[in-house]
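Me: I would like to go through this structure slowly and ask, for each label, what stands behind it. Could you set the values against the cut-offs as we go?

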Amino acid sequence: MACFSVSSSLISSPSNFITFFRTSFKPSRMSAVMATGVQEVLPPSLTSTSDPPPIFDGTTRLYISYICPYARRAWITRNCKGLQDVIKLVAIDLLDRPAWYKEKVYPPNKVPSLEHNNEVKGESMDLIKYIDKNFDGPSLFPDDPAKKDFAEELFSYMDSFNKALIFLFKGEENEAGAVLDFIETSLSKFDDGPFFLGQFSLVDIAYAPFIESFRPALLEVRNYDITAGKPNFAAWIEEMNKIEAYNQTQQDPKEYVESYKRIFLVLPMVSVELCLILFIHYVGRCRCNI
């Protein structure tokens with residue numbers, strides 16, 4: 001594992017550190033992998049030199065970044081609803097994003113966003129609910145009041161989950177243990193299936209992209225298996241990997257590992273707070289406009 005030196009000015013200034021990462025590392029574009037059947041042909045990521053699509057021409061478009069876990073929530077939802085022919089994917093290169101995306105499509109300049117009915121909506125959790133409610137296809141949210149309540153609890157828990165796993169990269173396991181125990185217990189709350197709400201739902205979609213990226217990176221960087229001693233969690237991952245609509249969005253684990261290494265190789269020198277900033281910007285840079 002190669003190391004690199006980081007000056008004190010970078011460590012003391014999050015903005016300087018982010019500029020360093022932005023200019024030093026450019027992840028490669030990744031293609032979707034199908035579990036079975038024909039591979040979906042993904043459009044190339046649009047850059048600062050790319051022309052915009054014919055915006056507001058009546059086409060429904062989902063703007064994403066292939067590696068971004070937040071954007072992949074909406075992408076997975078689209079696929080699980082069977083909307084590949086209804087919602088067109090538009091991939092954005094967020095390290096070289098086109099100016100027209102902010103100016104003409106979505107002023108917050110983040111992904112995911114959805115162009116639908118001459119409006120553009122954003123924020124991943126809002127979008128997965130919107131797509132589920134406003135488009136044809138199987139419902140991805142339960143009618144059972146108890147399941148609805150637990151779903152909202154699990155949605156609210158996402159930030160705690162992500163923060164705890166980032167602490168793991170720093171070698172601090174106390175908080176992560178409790179969080180992973182909560183996930184394991186949550187997966188046994190309902191007995192009508194192996195998923196968070198028993199049957200597959202938006203909750204699974206909300207967690208899956210983050211677990212998919214965290215798990216191989218933690219194994220490589222910290223030799224830590226987040227499913228060790230957690231049979232429900234391990235079974236959940238196994239069942240998720242059987243869902244073709246989800247597999248269509250999966251990325252090469254090596255890309256996740258390299259992305260996390262680029263951040264956490266410098267962990268001994270920076271605080272958890274700065275690591276959180278770097279994680280959001282570099283791995284989840286879809287949500288930042290820095």
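Me: What makes α3 and α5 roughly parallel?

Reply: In this predicted model, helix α3 (residues 69-80) and helix α5 (residues 124-134) pack at an angle of about 5 degrees, and their axes lie 9 Å apart. Angles under 35 degrees count as roughly parallel, so α3 is called roughly parallel to α5.

Me: Which residues make the contact between α3 and α5, and how many of them are nonpolar, polar and charged?

Reply: From α3 the contact takes in Y70, R73, A74 and T77, while α5 contributes S124, M125, I128, I131 and D132. Sorted by class, this contact of α3 with α5 has five nonpolar, two polar and two charged residues.

Me: What makes the phi values of N109 and N118 worth a remark?

Reply: Phi is near 65 degrees in N109 and near 60 degrees in N118, and each of these is a positive value in a residue other than glycine. Such values are remarked on because most residues other than glycine have a negative phi.

Me: How do you know that the peptide bond from V111 to P112 is cis rather than trans?

Reply: The omega of the bond from V111 to P112 is near 5 degrees, and this bond is cis. P112 belongs to the loop between α4 (99-105) and β3 (113-116).

Me: Why is P98 called buried, and which residues does P98 contact beyond its sequence neighbours?

Reply: P98, in the loop between β2 (87-91) and α4, has a relative accessible area of 1%, and because the cut-off for buried is under 20%, P98 is buried. Leaving aside neighbours within four places in sequence, P98 is in contact with L46, T47, S48 and I92. The C-alpha atoms of P98 and D51 are separated by 8.3 Å, although these two residues are 47 apart along the chain.

Me: Is S65 buried or exposed, and what does S65 touch?

Reply: S65 is found in the loop between β1 (60-64) and α3, and at 6% relative accessibility S65 counts as buried, since this value falls under the 20% cut-off. Not counting residues up to four places away in sequence, S65 touches A71, R72, I92, L94 and V111.

Me: Why is P43 called partly exposed, whereas K254 is called exposed?

Reply: P43, in the loop between α2 (14-24) and β1, has a relative accessibility of 26%; buried means under 20% and exposed means over 50%, so a value in between makes P43 partly exposed. K254, which is found in helix α12 (residues 253-264), has a relative accessibility of 64%, and because this is over 50%, K254 counts as exposed. The C-alpha atoms of P43 and L89, 46 residues apart along the chain, are separated by 7.3 Å, and those of K254 and A217, 37 residues apart along the chain, by 8.3 Å.

Me: How do you know that the buried residues of α10 are on the same side of the helix?

Reply: In helix α10 (residues 231-240), the residues F233, W236, I237 and M240 are buried. They cover an arc of only 95 degrees around the axis, which means that they sit on the same side of α10. These buried residues pack against α8 (174-186), α9 (202-222) and α11 (244-247).

Me: How many helices and strands does the protein have, and what percentage of its residues count as buried?

Reply: The protein has 13 helices and four strands, and of its 290 residues 55% count as buried. Among contacts between residues at least 6 apart in sequence, 71% join residues at least 24 apart.

Conventions
Residues numbered from 1 in each chain as written. Predicted model: local features only at pLDDT ≥ 70, side-chain atom pairs only at ≥ 80, totals over all residues. Heavy atoms only, no water. Axes fitted to C-alpha atoms, helices over the stretch in contact; angles between N-to-C directions. Helix = DSSP H or I, 4+ residues; strand = E, 2+ residues; numbered from the N terminus. Parallel < 35°, antiparallel > 145°, perpendicular 65-115°, else oblique. Contact = heavy atoms within 4.5 Å. Nonpolar A, V, L, I, M, F, W, Y, C, P; charged D, E, K, R; others polar. Buried < 20%, exposed > 50% of the residue type's maximum accessible area, 1.4 Å probe, protein only. Arc of directions from axis to C-beta.
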